[in-house]
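User: Got a model up on screen and I'd like to talk it through. Can you walk me through it?

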Amino acid sequence: MKIISDVHKLQHICLDLRSQGKKIALVPTMGYFHEGHLSLMRWARQNCEQLIVSLFVNPTQFAPNEDLEAYPRDLDRDKKLAQKEKVDILFTPKPEALYLPGHCTWVEVPDLAQNLCAKARPTHFRGVATIVCKLFNLTLPHLAVFGQKDWQQLTIIKRMVKDLNLPIEVVGRPIVREPDGLAMSSRNTYLTPAERKQASFIYKGLLMAQTMVKQTHVQAETIKNALKEFYKKNLPSGKIDYIELVHPEQLTPVSLIDQPTLLAVAIFLGHARLIDNIVLRV
Ligand code: AMP
């Protein structure tokens, strides 16, 4: 496995790979790998000839009051895990190599960055779309693999690729969970043991909503209220950021659940803000 931090060297290698006709897959990450990340790498490994994983804690997707400094990092461990997954190139750039002085060009997908996480993090998706676009230009992938855990991010990237005619297939892969249902996340390390126990109820609440929907066509408001009660009882240390029911692609609010609907939640718990989602099927 090559470990490359130089932006020009990476681009040069990828141009070369493209000209040799190699099928390239990119898995963008912020590192501190868990099974969720590794599942993306495994799927990509099966579907490409050259697997590139980027490991970059992108400063422009963090607001000044967020956890950029505290974000967990362990490059040595990540290198070993990536090697085990037979990654060909691990790209580990420094922020100053990707954002040169005077950087002022942004990629925005405003229609999809209005609700859900964008409300609490209004500049987040601009940072995400911009860095992913830059990574696409550097690595020239045929395939780019993302997790459905960050559903809004995945939807925004798909839209960006379509709108900008980027010749890239964007693949979304299922959420990998801990045995008790908690969606894996690098930020789970922020939780105390007591918070960690409560955190498993985030997904249990989503499953409860799925059961409600299976029985009858339900109003979104009914599900929201039931979930609020469920979280109040089972996640007493949590503070709900949002509980939203939206169209899975347009991300617009849905009032009656009579077609597949994305139920997405974000909960502040201790020092963490945890997100999760499920597509409710009638
Ligand atoms: P991150 O390092 O958190 O930015 O995540 C990098 C990629 O891994 C993104 O596409 C995420 O959606 C994906 N990812 C993170 N957690 C999970 C998970 N539990 N299951 C599947 N994919 C995940």
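Predicted model: local features only at pLDDT ≥ 70, side-chain atom pairs only at ≥ 80, totals over all residues.

User: Is Asn 234 buried or exposed?

Analyst: Asn 234 counts as buried, because its relative accessibility is 17% and the cut-off for buried is under 20%.

User: And what is Asn 234 in contact with, leaving aside neighbours within four places in sequence?

Analyst: Gln 198 and Phe 201.

User: OK, switching topic. How is the chain divided into domains?

Analyst: Domain 1 covers 2–173 and domain 2 covers 186–280. Their C-alpha centres lie 26 Å apart.

User: How many residues are in contact between them?

Analyst: On the domain 1 side there are 22, in contact with 19 residues of domain 2. The area buried between the two domains is about 1,700 Å², and carbon and sulfur atoms give 57% of that.

User: What about salt bridges between the domains, how many?

Analyst: The count is 1 salt bridge.

User: Which side chains meet in a salt bridge with an N to O distance of 2.8 Å?

Analyst: Those of Arg 187 and Asp 67.

User: And how many residue pairs are in polar contact across the interface?

Analyst: The rule finds 9 of them, with both residues at pLDDT 80 or more.

User: Which elements give two or more residues to the domain 1 side?

Analyst: Helices α5 (117–120) and α7 (151–163) do. By residue type, the side of domain 1 that touches domain 2 has 10 nonpolar, 7 polar and 5 charged residues.

Note on methods. Residues numbered from 1 in each chain as written. Heavy atoms only, no water. Domains from an automatic or database assignment. Contact = heavy atoms within 4.5 Å. Buried area = accessible area lost by both parts, 1.4 Å probe. Salt bridge = Lys/Arg side-chain N within 4 Å of Asp/Glu carboxyl O. Polar contact = N/O pair within 3.5 Å; in protein donor to acceptor, adjacent residues only side chain to side chain. Helix = DSSP H or I, 4+ residues; strand = E, 2+ residues; numbered from the N terminus. Nonpolar A, V, L, I, M, F, W, Y, C, P; charged D, E, K, R; others polar. Buried < 20%, exposed > 50% of the residue type's maximum accessible area, 1.4 Å probe, protein only.
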